[in-house]
Every structure is written in structure tokens, then in C-alpha cells.
Amino acid sequence: MANYINNNLKEQKQPSYSDLDPSFLRSNKDNDISIVKNTKSVRNSIMSLLSTAYGERLFQPNIGGSLRSVLFDPIDPISTFEIKDRILNTIRNHEPRVGVLYVDVISKSNENSYTVNIEFSISSTGERDTITTTLERIR
């Protein structure tokens, strides 16, 4: 019996992720809302998850990082660890596109804030990115 070999195999396409731009700017091409793709899309999703409190999304009460509640605790190693743990758990549980993940939280007691560095890679493409943000109390 002969084996059929297809020499015209198409290259496997890597998945492409897209989302609406959270700034809701208009696109120059079609005057519609801009779209962000791949790494920017994942980055926006992570920031959205971390800024969401538990119970804030209707019918999905477990989604979010609920980081605001920790910001009013005393700035000490326990609070720093709690923030890091919440960030790791939120991203691991709710962002399946992220593979390798490293989180560093630096407390700044003089400024009543935390600096957060998140290094991640997209599991399907291997693209790496870093998010640096500051968490501070808002009165």
C-alpha cells in the first residue's frame, strides 16, 4: 500500500490574541475603536484583573486581585508577601495565556506605596514582557 505525502504543508500559524484598546482611541484606518494585539492584549488583561476587586464583576465574584484592600494595611513584609501572592494567584487562575511568571514587590514605606514588577511570557508564542506599576492608596 502506498503512502500519500503532501509536500504542500502550510506553516502552522501561532495564535493571535486581540482585544479592544482600553483607552478607546479611534483607529486611523476605519475610524473604529483601536485594537491591541498579542503581548499588549495580554498586558491589558493582566492589569484589568489586578485592578478588579473580588465581587466587582457580576456573576463572576471570584475574579480579581482585590489589591486595594491590602494597601491600607501596615507596610511590612507580611503585606508585601500578601500582594505578591495575590498577584501570582490571580494571574495563574484567570490568565491562561501566560506561561512563565515572575513577580517582585518592593515596599516603599516613606511613600506609602509598592512598586510591582511582573515578568511574563505568552505560553503559545514565547514572547516575553514586563509590567512595572506602582500601587498606592487613594484617599
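This is a predicted model: local features need pLDDT of at least 70, side-chain atom pairs count only at pLDDT 80 or more; totals for chains, interfaces and linings use all residues.
The protein chain contains two helices and five strands. Along the sequence, these elements run in the order β-β-α-α-β-β-β. Of its 139 residues, 33% count as buried. The chain exposes about 10100 Å², and carbon and sulfur atoms supply 49% of that area. Among contacts between residues at least 6 apart in sequence, 38% join residues at least 24 apart.

In soluble globular proteins, nonpolar side chains tend to be buried together. In this model, the largest nonpolar core holds 22 residues. Ile-46, Ile-83, Ile-87, Leu-101, Val-103, Ile-118 and Phe-120 touch the most other members. Two or more core residues come from each of helix H1 (39–50), helix H2 (77–94), strand S3 (98–108), strand S4 (113–122) and strand S5 (128–136). S4 gives the largest share, five residues. Leaving aside residues up to four places away in sequence, Ile-83 touches Leu-67, Val-70, Leu-71, Val-105, Tyr-114 and Leu-135.

The largest pocket has a volume of about 300 Å³. Its lining comprises 16 residues; Leu-50, Ser-51, Arg-68, Leu-71 and Leu-135 lie nearest the centre. H1 and S5 each supply at least two lining residues, and S5 provides the largest share, four residues. By class, nine lining residues are nonpolar, four polar and three charged.

The second largest pocket has a volume of about 170 Å³. It is lined by 12 residues, with Asp-19, Asn-44, Ser-45, Ser-48 and Arg-57 nearest its centre. Strand S1 (18–20) and H1 each contribute at least two. H1 gives the most, with four residues. This lining divides into four nonpolar, four polar and four charged residues.

Key. Residues are numbered from 1 along each chain as its sequence is written. Side-chain values use heavy atoms; hydrogens and water are left out. A nonpolar core is a set of buried Ala, Val, Leu, Ile, Met, Phe, Trp, Tyr and Cys residues joined through side-chain atoms within 4.5 Å. Buried means under 20% relative accessible area, exposed over 50%, partly exposed in between (1.4 Å probe, protein chains only). Contact means heavy atoms within 4.5 Å. Accessible areas come from the Shrake-Rupley method with a 1.4 Å probe; for residues, only the protein chains shown count as cover. On a 1 Å grid over the protein atoms alone, a cavity is a set of points where a 1.4 Å probe fits but cannot get out, and a pocket is an open set with protein on both sides within 12 Å along at least five of seven lines; lining residues have an atom within 4 Å of a point. Grid points are joined across faces, edges and corners, and a volume is the space filled by probe spheres set on the points. Ala, Val, Leu, Ile, Met, Phe, Trp, Tyr, Cys and Pro count as nonpolar, Asp, Glu, Lys and Arg as charged, and the others, Gly among them, as polar.
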